[in-house]
Each structure stands twice: as structure tokens, then as C-alpha cells.
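Me: I have a structure open and would like to go through it. Can we start with how strands are paired up?

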Amino acid sequence: MLTESAPHYRQPLLKTPFHDRARALCQVDSFIPWAGYTTVDVFTTVEQEYFAIRNSTSVYDLTPMVKYRITGRDATRFLNRLVTRDITRLRPGRVAYCVWCDDKGHIIDDGTVFRLGETEYRLCTGERQLNWLLDSAVGFEVDVAEVTEDVAALSVQGPTSCALLKALGLEGVECLKPFDLGYSHLPTWGVEAPLMVSRTGFTGDLGYEIWMRPGDAERVWDGLMEVGRDRALRPIGSRALNIARIEAGFLLPNVDFVSAEHTLRVGTERSPLELGLAWLVDFEKGHFTGRRALLEEKSRGPRRLLVGLDIEGNKPAHNALLYADRSGKRQVGSVTSATWSPTGKRNIALAMMDAPHITTGLNVWAEIYLNRELVWERRMARARIVERPFFAPERRRVTPPAHY
Amino acid sequence: MNRPATSASPGGPKYDCIVIGGGHNGLVCATYLARGGRSVLVLEAAESVGGAAATREFSPGFKVSACAHLLHLMPESLIRELSLGTHGLHIVADRMPTTALSEDGYPLSLDVANPGSLEARSSADAVAYPTYVARLQRFSAALQPMFETVPPRLGTDSWHDRLALLRLGLRLRGLGRRDMRELLRIGGMCVQDLLDEYFETPLLKAALGFDAVLGSNFGPRSPGSVFTLLYRMAAASAAGGTLALPSGGMGALSGALAKAAIDAGVVIRTGAPVERILVKDDRAAGVILESGESVSAGTVISNADPRTTFLRLLGAEYLDAGFVRRVTHVRARGLAAKLHLALDELPVFKGLEEEALRGRLLLAPSLEYIERAFNHSKYGELSAAPIFEITLPSVADSSMAPAGNHVLSAVVQYVPYRLATGGWEQERAHLTGLLIDTLGHYAPGLRESVIAAEVLTPEDLEREFRMTGGHWHHAELALDQFLMVRPVPGAAQYNTPLEGLYLCGAGTHPGGGVMGVAGRNAARQVLRGEAVRGRRAA
């Protein structure tokens, strides 16, 4: 007999522990697959959900994030050889955004490393990485285990998120600095096991991520909804989050870059230097996979660079080709992510540009296709290279956050 | 000349180059480096140099070449350049004939110039044999110069690489249309299909197919076994195409190589196992010995197998994960064992003239027999009917055994590295008995003349000669581990991803077999690498 929980070929997508709760609230029944799970794209409207991120508090089901438990005597050395950042400087109780590369210095994926203890880490990634992690583990005394299904997670983001979590009963949450992690209990909501709370997120705003046992998932969700009723709390789907992450200048795998493990065409791989992530690459820390190739690239200079664009008009430049001239004769790059920024009131985009054309303030032309009731028009819009992030409110950093 | 700065731990002695391992390739490499003006230290873990080219007393008064037992692949040019003759290398048996033993008492000589025994079996084969030999010799002669060059890298802008690839292409084209087409046709074939096209005599086919599978993980029906045959013939052609025995066994060759090295100014230390390679500022900086002593050098050349070099001596943390993955995938599972017998009289093989005993004897009646022996090894089983390559070194070299006595040295295939059930300790006596019994079918009375017997399984060879998997070639010789992909891309030009660290052992192009060419090529690459860096610095 088939059970709901057992994966089956007729139901290839898994359900997160929040699925039943989310389905009940998802008014437009808009679900999309994400890393093998069915997840909400839109609950009500994208605009409402987006403004919950920027003006009150949003709740996003993060469970499909692929999670690995990394333990053992050499866990730190292993991670330090895996990622481009210096993990030896990451203290227990801290989180770091990282990328890791193949031998040629091309990015395989990005993710966050949570240092849970002296020799215990959690690595959260967008894509499954076990193969690469196990290959990287050769020669190290380290255990790598996938724990995606063992850990449920919610991202609680927005200017009032700290106040809301305090009202929920998460004590000490206001003391967490950006990229700190801590533990708290929620006995009033019937959650006995400690919850891990980290001040991390994908919105560039004040926000937290709550990591829990799947068995506690619904109780935590119910508590949040109860406390959030008078605080304009909204569950959000991936569409609203995507606007916020572009404003924050964060990259999305398979949108802004393709993992080097998945590229087939030569030249479609991306290095951290090309993606504007040079600040994540520590050449002084000792060897890591891709270091020698990245050193060579650094001395040669990157061939292309991911930049932020401010584009005239209000039509998002989705997939637009970029030209040096208005006539569109000389292509110099293309847009990877684009959105109208409701908070910035700007038409913004992330774009991959060829090397000689990259200077902040430089103008290029974006070729935007407009669908006017099935009549397509082409518009050449002036686009200026600008600094990222597009939106970086002070509240994302302030500790303790403002109390509402 | 630009000498790389050496600045490892203070105090220790300092050399330009350290060679880890005093096997034949290590000694050859060291000698050429010293002649190139470098100060060179060779560190050998064992109490004597030579590695798998060693002579050992396995029973009082009885000596034997403990691993490799024939000198047949070392190029004449190398022997000449190193003046091994003046350094004590004396050949006692040259142009050794090969004879295929037969249980029915009619052994078969493989000498092209002496076709009598073949004509007696098949006149058609006697006609086809010289054609076959001539054609394969043309192919191997065309391939041979490739052994002497540093393999080109693929997909680079370097003229050096392009030129090497061009030369390789021209050499094959130079064979002419017919031969080139034939080489391309047979290059990936199994040796049984090739031999079935030419011959009908099972014993002849078995003897010719023997060299295709000897020392490898192949059976006669394994695709690519023609390639291994051509490879061996190509290496042999540079050595004059002759089988030889050094006076005093293969250890004497190592002795001569060591003398040549010392003569060139190389410092050799034995009983000095290396614990690990020192890395400083992302380049090799020397070594630390197991004793704790550290020795500095700007260049470290490893004669050890690739897995040992990269994963044990250097450590994965200094390498990229993709490269390490490739190293862990290098196939190196030995299937060849050694049998050493001390005999109180010269054995008498059925129908064999005494003259043939100074040569090489092959025990494998048919290709089917070889394939069946191979089948067991695939599953970690011991074949009840293994194949043998036999020499009796004491026939030509009386120093190997007490007067009137003799030694028999045989390479035995297919003996698995690890048995599927049980360890070698329980099976060793059984294996020894089985091997002597099998020989007894061809040499009745052999059993009674055995004074002492020793069997070295691949596991023993691994331990004794420090070769991962007990594989003679450190890495299987096959199309996928050959030339620019040997041992792995990224280390196929003797230099490695770590600046200042080089490989010179059998795991590199063109492989083992006591050829010495890998050592010579590696030395050239070290000297060339320094020259390139020097130009860049200037």
C-alpha cells in the first residue's frame, strides 16, 4: 500500500514537514519543484509577500536546502581545503557564506558553513554535493553525511523578525550578531528539543533561520502564525524571495552561474573572481581546490565579471543581451537576473559582462523585449554599471535589532 | 642557470634535488641530474638500492633476482650513456632463446631463425610466423621513439606539445598506408583475435599471447591486449630485442646503476625511509625522514608509485580534489607472483634440450588455458592451472647457486593480490605445492630435487618493494593509462601540480619493466623545467 510519506514514481516530489500547513495557506495553489521537494512559489500575491520581507516579517520554508553533517578530527582541515575561505578563522557558533571550486577554479556551488562545534559542521547548499564532498574527503579523517531530511528549517526575515521571534519565546535571539548561531527552547509551544537559530538569510535584511527536528516543524509553524497574526507576518514563496535576493545582490545557482560539474560547453563555467566573489577567496590560507588555477586567473585578470546594472525605464530586463552601442552591433554581455526593485524604485539586474567593458558608471545598452498584449516590441534601454548590493539597510547589521 | 631557492627547516643539509627511492629509475634520474650539474641525494628506504631489480639469497647459497628476473627493456643507449659496463654490469646470458614447454614432450622454439619445431607442427604457421614478427616489429619500431619523449599535453598553446604530437602523427603516417591502417585496426583488439587470424597452433599462439598479458591485468581475450604486446615489443626494440641476464642477477644491474650515480656525484643513503614531502609556499621544499630528520631541496623527485607519492608522502591537502580523485582511480592491482626454487640438480623438462635451459621457458599450452587462469583471478580466486615464465639463472651464472645445484626463478600468473576468501597466510603452502606440482607435469622429478621454495605473492611484492598493489608497473599498462594520461592527466609530464615535485617511477610514461627510460625522461624534464623558470625569472 502506498503511504503519503513514501516516495513513489507517481509522486516524485517530496513534501516538507510544513507542506500541509503551507497548502492550507496557499491561496493560488502555486507550487514549484525545488531540489526534489514541492514548494510554494506564491501564497497570495508576489507584491504582498515581498513587502512582508521588507516591512514586517516573512516566513519561508527552507527545508529543501541540501544539508550535510561534517564531523571528525580533520573536519576543519577538510572544509578549509574544500572552500575558498579560511575556515580556521570560523569560530564555533559562527556561520560563513562560502563557495567551492573544481581544480580549474570554476565554481561548483555556493553555500553556508555552520560551525556547530570544534569538529562538527553543517554545510547547506543548493545542489546535492555528496560525490564531490566524498572525493574531497580522501586523505582526511572526516565523516560526511547528508541530513537534508533530518532537519527542517524556516527562514524568518524582515525588520520585525527579531521582535516576533522574541514574542514567540526564543530567548536571546536579539543578542545574535549577523552570522551568529545559537540555541533556544520553545516549551510553551510544545517543542522540547532545542532549536538552532542563526542570524542568516537570503534577503539582505534583518532575519533569522530556525533549524528544527521535522517532528517539531508544525508546532513551530503554528506558534509563528499565532504570534504573527497581529504583526503582519506572511508566509512567502520563492518568487517574492527572488526579488529580495536580487536587491541584496545575492547569486542563485543555475540562474547567475551554472555549476562547473554541470556545464557542458567550454567557457560557461564561472570562477569566483568572475562572479565578483574575490573577497571570498583567501590565497594566503594554504592550499584549497582550485587555488593554483585561481592564482593564474588572478594574475591574468578575469575574462568577464558579474556586475550590477541600473536600467532606465521600469521593464525588467529579463535575459537581455547587452551591447556597447545603441545600434546593438557589439555584444558585451548578458543579464542573468532582473527585477523591478520595489524598495529601490529602480529597474535592476545582475549581468555577466566581458572583461574590457567593466567599469562602474559605464553605460551599456540592454535589449529588452516587451510583450504588449502579444505584440512584441524591442527596446534598447540605457543601463549603467552600479555597485552592488542595490539595497542594504543598516538594520541588517544592527545588534540588538530595533524592537517593534 | 637558475637554482630554486630552498628554505625549508633550518639546520638540515641542503641539496638541489632529492630523489625519493633508489629503484632503477630513481638511480637513472639521479645520475642524469648530477651530470646536469645538480647536487643530488637519493633516499632509499631499504638497506640496499635497486628496488624491484634486486638479488637476494632466499636459501643458504641460493641467490635469485627477487622481483624482475630478466634484463630486456633497458635501451642500449642508456646502458652506454651511463657506462654501466665500466661500472660492473656484466652480461652472462645474451640473446636468450624463448621456448614454449609442452606436456607431450615436443617443446616449441620461438626463434624465427630456427623454425624446425614449428614446421613440425604446422607448415602454414611456419610460413606466417616471419610475416607476423616482421609486421609487429615495424609497428613497435614506429612506436618506440615515443618512449624517449616527454608525453605532450593536450589542448595547450605550447609549441613543445604541438611538435611532439606532430612527430607522433608523422611517425605513424610514416608506416605507409597499409601498415598504418593495420595498426589502427589491431590497436584496440584482443591478442587472441589477432593470433587466430595468423596461426593455428595452440602452443604457438599461447607463447606469443603470453607477452601480451605478462605483468598485466589482461587475459588474451581482453580488449587492448594487442596494445600491451606492441608496447612491450617497442620497449624491447630499443634494448636490441634481446633477453639478457646480468652476472649476479638483477641486483648487479642496480649495483652498476648506483656506481654510475656515485661516479656522477650523487649521494646515496640507504635505510632512510621518507616520511613525507615538505611543502613551503606551495612548492616542494625537501623531505622529512621517518627518523625525524629533515633534508631541504628545491626539487623533489619521487620514484615511488603515484598513489604513495601523492596520497601518503605529499598528502591530499596539498592537491586539488579532482586530481586526487584521478589518483585514487589509477588501477594498480598486481596479478604476478614470483616462485623461487633451490634445486639440487638441473631439472629435465620433457623433450627439452639442455641448451634451451639457458633461455626463457613459457608454460602455457593454449590461449584458452591462459584465459581460464585469468578468469579465477577476476574473482579473487587462485587458478588451479596458472601460467609461468621460467628462467634458470644458475645455468649461465654459477654464482647464483652452490656448485652442482641450481635455482629456478619463475613469474607466475594469475595470482590475485587479495584472495576473496581467507588470507595468503593460510593459502601460501597450498599455492607453493600447486606451483611445484604444475611444473612437475612438464619436468617430472622436479619435486624431488627441490631443496627450498619461496613464493612471493603480489601482497609480498607490495611489502618488500613498496609498490602499491604489488604491480610491477606501479600503474596498470593499458590504453587508458598510457602516454599523456599516465599515471593521470596533470602529472603525465613528470612534473606534478605541486611546483618542484616530480615523478620518475614506473607509474609514469613509459612504464616499468626495468627500462630506466622514465628516470631519464624525468631528469630531462626537471632540467628543462628549471631552464624555463630561469628564462621567466630573467
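Reply: One definition before the pairing: two strands pair if DSSP finds at least two bridges between them. This is a predicted model. In chain A, strand E5 (residues 66-71) and strand E8 (residues 120-125) run antiparallel and are joined by six bridges.

Me: Which residue of E8(A) is the bridge partner of Thr71(A)?
Reply: Glu120(A) is the partner of Thr71(A).

Me: How many bridges are there between E5(A) and strand E9 of chain A?
Reply: Four, again antiparallel, with E9(A) covering residues 143-146. In that pairing Arg69(A) stands opposite Ala145(A).

Me: Stepping back, how many helices and strands does chain A have?
Reply: Chain A has eight helices and 20 strands. Its radius of gyration is 22 Å, close to the 22 Å that the globule rule gives for 404 residues, so chain A is as compact as a globular protein of that length. The C-alpha trace spans about 65 × 55 × 50 Å along the principal axes of the chain.

Me: What share of chain A counts as buried?
Reply: 46% of its 404 residues. As for contacts in chain A between residues at least 6 apart in sequence, 67% join residues at least 24 apart.

Me: Which residues have the most contacts inside the largest nonpolar core?
Reply: Val113(A), Leu322(A) and Ile18(B), in a core of 282 residues. Helix H9 (residues 225-238) of chain B gives the most to this core, with ten residues. In soluble globular proteins, nonpolar side chains tend to be buried together.

Me: What is Leu322(A) in contact with, leaving aside neighbours within four places in sequence?
Reply: Its contacts include Val332(A), Val335(A), Met353(A), Trp365(A) and Ala383(A).

Me: New topic. How many residues does each chain give to the contact between A and B?
Reply: Chain A gives 14 and chain B gives 14. On the side of chain A, the elements with two or more residues are helix H3 (75-82) and helix H4 (130-136). H4(A) gives the most there, with three residues.

Me: What is that side made of, by class?
Reply: Three nonpolar, five polar and six charged residues.

Me: And in chain B, at what angle do helices H8 and H13 pack?
Reply: At about 35 degrees, with the axes of H8(B) (residues 202-213) and H13(B) (residues 367-378) 8 Å apart. Lys205(B), Ala206(B), Gly209(B) and Val213(B) make the contact from H8(B), and Leu367(B), Tyr369(B) and Ile370(B) from H13(B). By class, five residues of this contact are nonpolar, one is polar and one is charged.

How values were computed
Residues are numbered from 1 along each chain as its sequence is written. Chains are lettered from A and ligands numbered from 1 in the order in which they are written. This is a predicted model: local features need pLDDT of at least 70, side-chain atom pairs count only at pLDDT 80 or more; totals for chains, interfaces and linings use all residues. Two residues are in contact if their C-beta atoms, placed from the backbone, lie within 7 Å. Ala, Val, Leu, Ile, Met, Phe, Trp, Tyr, Cys and Pro count as nonpolar, Asp, Glu, Lys and Arg as charged, and the others, Gly among them, as polar. Axes are lines fitted to C-alpha atoms, for helices over the stretch in contact, and angles run from 0 to 180 degrees between N-to-C directions. A nonpolar core is a set of buried Ala, Val, Leu, Ile, Met, Phe, Trp, Tyr and Cys residues joined through C-beta atoms within 7 Å. A residue is buried if 20 or more other C-beta atoms lie within 10 Å of its own, exposed if 12 or fewer, and partly exposed in between; C-beta atoms are placed from the backbone. The radius of gyration is taken over C-alpha atoms; the globule rule is 2.2 Å times the number of residues to the power 0.38.
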